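Here is a brisk report on selected local features. Keep the sequence and the 3D view open while reading.

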Amino acid sequence: MNNEDEFYDAVTGLDSDESYEGVSEASFKDALVFDSSSQKNNGSVPQENGIKKHRTSLPAAMFSRNTISVWSILKKCIGLELSKITMPIAFNEPLSFLQRITEYMEHTYLINRACALPDSIERMQAVAAFAVSAVASQWDRTGKPFNPLLGETYELTREDQGFRLVSEQVSHHPPVSAFHAESLVGDFVFHGSIYPKLKFWGKSVEAEPKGTITLELLKHNEAYTWSNPYCCVHNIILGKLWIEQYGTVEIVNHSTGDKCVLNFKPCGMFGKELHKVEGYIQDKSKKKHCVIYGKWTECMWSVDPQAYEAHKKSEKRGDNKKHKSEDQEENDDADDMPDAQETVCVVPGSTLLWRIDSRPALSTQMYNFTNFAMSLNEMEPGMEGRVAPTDCRFRPDIRAMENGLM
């Protein structure tokens, strides 16, 4: 194996992730002692109306990162692939990357909606909304997930959302994570493999999307494929961390020839395009049927192309009347996050495709997790016999960090 394929995991307060590569099944199960939630309710699983209730907070708040000098670690690594750099555990979040990619399924109802729609263009709208929603949880999530060990797995069944999922770390050099999810009633299959390439560019870290995601709607005999946009975390060295996503995402329906092209826009000089997503859906003859627009941090809408263009022209005329001659001051120390712009301006006649869920009250103290993310590492009585002993919920390092031990 050449040097380009070398891969190092984060250093934890216990040991580095590498130290667990030969871990025994018993060692993984020992992690159960750190979780107090499994001892509550006399060993029963909390339920409401017969549906399992999931936790909405973590056992302990996140660690402070203010006392750690990232520059001392990264100053010699500009332009390098970040998987070759050993980072302190304080910059992690208590989830494995296998659990992080499970967050694609947070808005599974959009897939279920697509399965129920009779028109292929309407199905593409729902799939496009799902593709955007799959990256929405990354907003303000500046913690690094733990690198999975080779052969590590994660299993999840959510009866309330109607799916089950299994993921596995299938390669260590280079790191590749594969996942497979399916409907509990046989409506869809969702699968793919992810190879995240991270690069450090001085003030920021960029994640290059590698790998193809496939969604199969079995009732309609359709397969959709796409890749995720680029993700960039700014102010790694100095200033407030903030995230943007950018790049073009093409979603292709290989059965009908329909295509959705989504442009995740970079924030630009004045931040006017921050978080914006804009695109269109066309059929195999390249006729545009609708425009998709919104923000990946808020919501997505669909509207007739002519109505959208008329609105854009009107908006542009209004912008030309505004004073726009402000000079942006150059800042050599930090890439300040642009001021938040007003929420999405809805074009008359638009149809709402998706709106993000609000986060839990304690989210900012707990790695900015969503409600869905809060539940991914929870333990249940008897889980040892129901999932593989290689499941990342049994990892002592992740369990210790979640419980405030380091």
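A polar contact is a pair of N or O atoms within 3.5 Å; within protein, one must be able to donate a hydrogen and the other to accept it, and residues adjacent in sequence count only if both atoms are side-chain atoms. This is a predicted model: local features need pLDDT of at least 70, side-chain atom pairs count only at pLDDT 80 or more, and totals for chains, interfaces and linings use all residues. Residues are numbered from 1 along each chain as its sequence is written, and side-chain values use heavy atoms, leaving out hydrogens and water.

**Asn253.** The side chain of Asn253 reaches the backbone nitrogen of Ser255 at 2.9 Å. Asn253 is part of strand 14 (residues 242-253); strands (E, at least two residues) and helices (H or I, at least four) are DSSP runs, numbered from the N terminus. Asn253 is buried, at 0% relative accessible area. Buried means under 20% (1.4 Å probe, protein chains only). Beyond neighbours within four places in sequence, its contacts (heavy atoms within 4.5 Å) include Met124 and Asp258.

**Strand 18.** Five of the five residues of strand 18 (residues 299-303) are buried, so the rest of the structure largely encloses it. Cys299, Trp301 and Val303 cover one side, Met300 and Ser302 the other. Strands pair if DSSP finds at least two bridges between them.

| Partner of strand 18 | Bridges | Direction | Facing residues |
|---|---|---|---|
| Strand 19 | Four bridges | Antiparallel | Thr351 with Ser302 |

A hairpin of three residues joins strand 17 to strand 18.

Technical notes:
Buried < 20%, exposed > 50% of the residue type's maximum accessible area, 1.4 Å probe, protein only.
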